[in-house]
Amino acid sequence: MGMVSLGCPKNLVDSERILTKLRSDGYAMSADYAGADVVLVNTCGFLDSAKEESLEAIGEAIAENGRVIVTGCMGKEAEVIRARFPNVLAVTGAHQYEEVVGAVHDAAPMPPNAFLNLVPDSGLKLTPRHYSYLKISEGCNHRCAFCIIPALRGDLVSRRPDAILREAEKLIEAGTRELLVISQDTSAYGVDIRKEPRMWKGQEVVPHMTDLARELGKIAGQAGGWVRLHYVYPYPHVDQVIPLMAEGLVLPYLDIPFQHASPSVLRTMRRPANEAKVLERLRGWRDICPDIAIRSTFVVGFPGETEDDFQYLLDWLDEAQLDRVGAFRFEPVEGAAANDLPGAVPEAVKEERYARIMEKTAAISAAKLQAKIGRTLDVIVDEVEGDGANARSQADAPEIDGTVFLRDAGHLNQGDIVRVEIEDADDHDLYGVPLA
């Protein structure tokens, strides 16, 4: 069978779980359409552009193979998929593992002697061996005006802490050097099972972000590895995680989706609007852990956003001095409450504001990276080619942040964590050399 996985890392984890189950059932994986008895397409349905990409992927799979099962976030729109591709074998929703595996069983019956087909304890992975995404919960309790994730994936459902730690241990034993913790809302982990502590290695572990991060740090630390936290909302208890970063248990890195800074826009988005308090907390975090890197994403051109609102955001960014920033032009998503809001921003204005925020954040990034020239940093090696290597510092998550380009690094291996001297920088990347 074959697999096409689209969308965010949470979808990627779903794909890995599906592949792991199917491989344990005896199915072999095909690297191309021609060799597959059936093709699974794990779709993304967050934005209209993502839906179109998903539909194109389904169309390509049908054209190249013909026997296609669709799963993932766009499974909520089965009628749209079937209207365009009436020949799809089945359509299932996000994280409906049993349903999609059952659909594969129906389309391509399990091969004989499945017990002879071994699967590693860590499962099958779609990422390089040296880093792994670790999903700690499904769904989200927020109702942001621009988002339909709760409609696609439901309310928050946290995994048992002992199950998460057991998976982390298996991943580390299988060669993972960096655990990337993901969910829709990592800070909310455990609020639904807060009174259900579990035993792990002879002691109780409370299902809470701080307790989980501490235990994950111990597991990764025993192998000299890293733990990186993604999708962290700045709830008050996030302050408790910063000392873990200062101690070296967790990487000094927080991925916080601020989305905007203007109080009026945040209210319209249905998001917390205490931007002054956030700035105070950023300063406090940096006092405790000076090397902490903050990455975030922002939406420009949200309905009702005025020029004053946008300038407020730019001024706030000057104050916040975030290390990594991504920006998106507002795009209506079918089913989102924001579609009915007044004050639509013209596309030309969106483009102009997008260019300005990217110019602003690139300048902040460039200044921060220039300050790292001459420093020595720990990096993890992603790829070695010839005498050079591509690596990432503790401030860089894979795929979304910068790269540390290394010279005289042909002796290194993928997954090595090494000390390097930084020699140069540009707007987003660093250049260095491994220390002898």
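The structure is a predicted model, in which local features require pLDDT of at least 70 and side-chain atom pairs count only at pLDDT 80 or more, while totals for chains, interfaces and linings use all residues. Residues are numbered from 1 along each chain as its sequence is written, and side-chain values use heavy atoms, with hydrogens and water left out.

A nonpolar core is a set of buried Ala, Val, Leu, Ile, Met, Phe, Trp, Tyr and Cys residues joined through side-chain atoms within 4.5 Å; buried denotes under 20% relative accessible area, exposed over 50%, and partly exposed the range in between (1.4 Å probe, protein chains only). The largest such core comprises 52 residues, and Leu 216, Leu 229, Leu 254, Trp 316 and Leu 322 have the most contacts inside it. A second, separate core contains 17 residues, including Leu 6, Val 39, Val 70 and Met 74. In soluble globular proteins, nonpolar side chains tend to be buried together.

Most residues other than glycine have a negative phi. Tyr 231, although not a glycine, has a positive phi of about 55°. Helices (H or I, at least four residues) and strands (E, at least two) are DSSP runs, numbered from the N terminus; Tyr 231 lies in the loop between β11 (226-229) and α8 (242-247). Glu 399, likewise not a glycine, has a positive phi of about 75° and occupies the loop between β16 (388-393) and β17 (404-406). Glu 399 counts as exposed because its relative accessibility is 71%.

Ala 36, in the loop between α1 (9-24) and β2 (39-43), counts as buried because its relative accessibility is 9%.
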